[in-house]
Amino acid sequence: MVEFHSKENAILKKVVRNGMKYVMIKISKKLGELKTMRIALIAHDKKKNDMIALAERYKDTLAKHELYATGTTGTLIAGATGLNIHKMKSGPLGGDQQIGSMIACSELDLVIFLRDPLTAQPHEPDVSALLRLCDVTNIPLATNLSSAEIMLTALERDEIHCRKGEDYHGFKS
């Protein structure tokens, strides 16, 4: 059996049976880069501690991906975990809209938005628009701790993959 070795390329190997012959298939780092997901982390004030605890629990998983967050949430997560996070503005100051713009431009693959449904938000229209954009563009969205843990566990197990630039075809502009 022929194996391909490289420090940079050994991301995933599968053995495929082809008749009596086994063929080693290697996915190079270039393809592996498609597995690096762009993840947005957002949390309302009363959910920030939950988000920090979540990021601490899944720090090793999150560290493998490109992270974005609204300002305060990103600063708190980075401070608690040391994760590299691209920080937008604070949610009420336009951060939710910045994340929404990234969703609309297919620049995000997954959104974790720990919302506080029991507290009125001054920027509720921005929040609703962001959630709608996730639905329109078919971006996985977790809005509570349980769904966030399910997504991060699936990500950890390599059961969630990037959309690879796919657009939502059900909507015509």
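Analyst: Start with Arg 57, which is partly exposed at 46% relative accessibility. Buried means under 20% relative accessible area, exposed means over 50%, and partly exposed is in between (1.4 Å probe, protein chains only). This is a predicted model: local features need pLDDT of at least 70, side-chain atom pairs count only at pLDDT 80 or more, and totals for chains, interfaces and linings use all residues. Residues are numbered from 1 along each chain as its sequence is written, and side-chain values use heavy atoms, with hydrogens and water left out.

User: What makes the pair Glu 149 and Arg 57 a salt bridge?

Analyst: The term asks for a side-chain nitrogen of Lys or Arg within 4 Å of a carboxyl oxygen of Asp or Glu. Here the N to O distance is 2.5 Å, so the Glu 149 and Arg 57 pair qualifies. Glu 149 lies in helix H7 and Arg 57 in helix H2 (residues 48-57), so the pair ties together parts that are 92 residues apart in sequence. Helices (H or I, at least four residues) and strands (E, at least two) are DSSP runs, numbered from the N terminus. Glu 149 is partly exposed, at 26%.

User: How many salt bridges does this rule give?

Analyst: The count is 4. One of them joins the side chains of Arg 38 and Asp 109, at 3.0 Å from N to O. Arg 38 belongs to strand E3 (residues 38-43) and Asp 109 to the loop between H5 and E6, so this bridge ties together parts 71 residues apart in sequence.

User: Are Arg 38 and Asp 109 buried or partly exposed?

Analyst: Asp 109 has 3% relative accessibility, so it is buried. Arg 38 has a relative accessible area of 24%, so it counts as partly exposed.

User: Why is the pair Lys 48 and Asp 45 also called a salt bridge?

Analyst: Its closest N and O atoms are 3.8 Å apart, so the pair meets the cut-off. Lys 48 is buried, at 11%. Asp 45 is exposed, at 65%.

User: What joins Thr 119 and Lys 46?

Analyst: Their side chains make a polar contact of 3.4 Å. A polar contact is a pair of N or O atoms within 3.5 Å; within protein, one must be able to donate a hydrogen and the other to accept it, and residues adjacent in sequence count only if both atoms are side-chain atoms. Thr 119 and Lys 46 are 73 residues apart in sequence, and their C-alpha atoms are 8.8 Å apart. Thr 119 sits in the loop between E6 and helix H6 (124-137). At 28%, Thr 119 is partly exposed.

User: What makes a set of residues a nonpolar core, and which residues touch the most other members of the largest one?

Analyst: A nonpolar core is a set of buried Ala, Val, Leu, Ile, Met, Phe, Trp, Tyr and Cys residues joined through side-chain atoms within 4.5 Å. The largest has 26 residues, and Ile 39, Met 51, Leu 62, Ile 77 and Ile 112 touch the most other members. At least two residues each come from E3, H2, strand E4 (66-69), helix H4 (71-81), E6 and H7. H7 gives the most, with 5 residues.

User: Which residues is Met 51 in contact with, beyond its neighbours within four places in sequence?

Analyst: They include Leu 41, Ile 42, Thr 73, Ile 77 and Ile 112. Contact means heavy atoms within 4.5 Å. There is also a second, separate core of 15 residues, with Ile 103, Val 111, Phe 113 and Val 127 among them.

User: How do you know that the buried residues of H6 are on the same side?

Analyst: The buried residues of H6 are Asp 126, Val 127, Leu 130, Leu 131, Cys 134 and Thr 137. They cover an arc of only 145° around the axis, which puts them on the same side of H6. That arc is taken from the directions from the helix axis to the C-beta atoms. On the other side, Pro 125, Arg 132 and Asp 135 are exposed. The cover over the buried residues of H6 includes E3, H5, E6 and strand E7 (141-142).

User: What sets Ser 106 apart in its phi value?

Analyst: Its phi is near 55°, a positive value in a residue other than glycine. Most residues other than glycine have a negative phi. Ser 106 lies in the loop between helix H5 (95-104) and strand E6 (110-114), and is buried at 18%.
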